[in-house]
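Visitor: I'm new to protein structures. Could you walk me through this one with a few questions and answers?

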Amino acid sequence: MVLLRFPLPEKLNPCSRCQYNNRTNKFIENKIKLGTQIVSALSYQKFVDFAVDETKHRTHLIPSPLQEKFSHIQAVDGKAKIDFLSFEASKIRLLRSMHIDGGDSLQVLDFGIFPNVAFDMPIFCANFFTSSSMSIIVLDLNPLHDVISNREYKEKYYKSLMPLSIKYAELLPWGGKLTGESLRFFSPIVIWTRFTSSQHKGDILFDAFNDYYKTWLDLMEHAVQEQSPAQVMLNSEAQHKYLTWRAEKDPGHSLLKKLVGEAKARDVLRSFLFNGVDELSRKTFLDYFPEYKLEDGSINDKRSMMGKSFENRPWDSKGELVDNC
Ligand code: BLA
């Protein structure tokens with residue numbers, strides 16, 4: 001039997017008695033055990049059930065052809081199990097979920113909805129990684145088009161949603177340094193947070209997931225199909241750029257490789273999680289992100305080339321970018 005050692009606790013958590021301090025972004029030794037809730041009971045299954053039920057109330061979901069190939073994988077450690085779900089609908093190119101259930105020590109949810117390219121609505125993105133000591137959370141309606149340079153798109157979708165972000169800004173505060181690269185794919189309402197895993201935080205996260213999910217469904221209901229082929233092309237390329245980035249640089253890759261092996265992980269990434277990366281366009285990662293090109297023509301392993309990171313929330317309550325890193 002191969003024993004897995006999950007990279008996060010190993011890399012970030014220096015000892016088993018340590019706790020993550022959200023304020024200082026550092027681990028502190030947890031000398032007093034009182035008040036430390038072990039969260040293990042937190043499972044992301046109820047998030048998936050809620051999302052699928054809620055979507056079924058709003059649109060007609062049909063199983064995706066991917067469902068046949070991706071339904072369940074047992075991790076090589078024999079312990080963690082990975083469940084996949086995938087659907088399509090008239091305005092949804094792909095709704096897919098991957099839930100890694102490693103019991104007490106590991107829970108991961110990667111839930112995404114990729115719109116049909118005839119619509120320019122945001123991409124629903126919930127990425128939750130939870131070990132027994134800490135959680136790393138991204139919850140967002142990722143902008144399809146760049147909200148830093150494209151004011152019109154930002155106003156169209158996010159202006160009216162800023163109160164949602166304000167509602168959770170204190171409960172789920174900014175998780176510390178975020179690369180400039182990731183920031184470009186996030187919206188002004190992104191919830192990027194890390195916390196010491198606890199039932200209480202898990203409950204807040206469930207509320208936030210509910211709110212963000214219903215908000216995305218509202219956007220879907222009101223979205224109007226694009227008529228101009230040129231605009232559809234722009235949507236398609238923007239979605240492809242997003243998929244290309246994530247299929248290459250998502251921080252979860254190394255854990256996924258440890259769980260299922262390199263070949264299967266690649267298949268899960270390219271065919272399932274970021275499905276469309278090999279179909280929506282022929283452009284390559286280096287076409288979109290040439291700064292990652294090494295002299296021998298291969299892709300630099302680094303996750304960030306910009307070297308700029310955002311320590312604090314760079315969006316104000318009106319959704320304006322404030323450079324306070
Ligand atoms: C860490 N995951 C992170 C971090 C972010 C994200 C921002 C902090 C480290 C960093 O800034 O790179 C998530 N980053 C995103 C997302 C986007 C992005 C969603 O740019 C979208 C554009 N996380 C998962 C899955 C796994 C996972 C499926 O979503 C595992 C299978 C694990 N995420 C994971 C781990 C870390 C992490 C282990 C910490 C390790 C590390 O930082 O290398």
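Visitor: Which residues have the most contacts inside the largest nonpolar core?

Guide: A nonpolar core is a set of buried Ala, Val, Leu, Ile, Met, Phe, Trp, Tyr and Cys residues joined through side-chain atoms within 4.5 Å, and buried means under 20% relative accessible area (1.4 Å probe, protein chains only). This is a predicted model, where local features need pLDDT of at least 70, side-chain atom pairs count only at pLDDT 80 or more, and totals for chains, interfaces and linings use all residues. Side-chain values use heavy atoms, leaving out hydrogens and water, and residues are numbered from 1 along each chain as its sequence is written. The largest core has 96 residues, and those with the most contacts are F111, F124, F128, F209 and Y213.

Visitor: Which helix gives the most to this core?

Guide: Helices here are DSSP runs (H or I, at least four residues), numbered from the N terminus. With 11 residues in the core, the top giver is helix 7 (residues 199-222).

Visitor: What kind of pair do the rings of F124 and Y213 make?

Guide: Rings of Phe, Tyr and Trp (its six-membered ring) pair if their centres lie within 6.5 Å; planes under 30 degrees apart are stacked, over 60 edge-to-face and the rest tilted. These centres are 4.9 Å apart with planes at 80°, so the pair is edge-to-face.

Visitor: How far away is the nearest side chain of opposite charge to E181?

Guide: E181 sits in helix 6 (residues 180-185). E181 is buried without a salt bridge, meaning a side-chain nitrogen of Lys or Arg within 4 Å of a carboxyl oxygen of Asp or Glu. The nearest side chain of opposite charge (Lys and Arg count as positive, Asp and Glu as negative; His and chain ends are not counted) is R184, at 5.6 Å.

Key. Helices (H or I, at least four residues) and strands (E, at least two) are DSSP runs, numbered from the N terminus. Buried means under 20% relative accessible area, exposed over 50%, partly exposed in between (1.4 Å probe, protein chains only).
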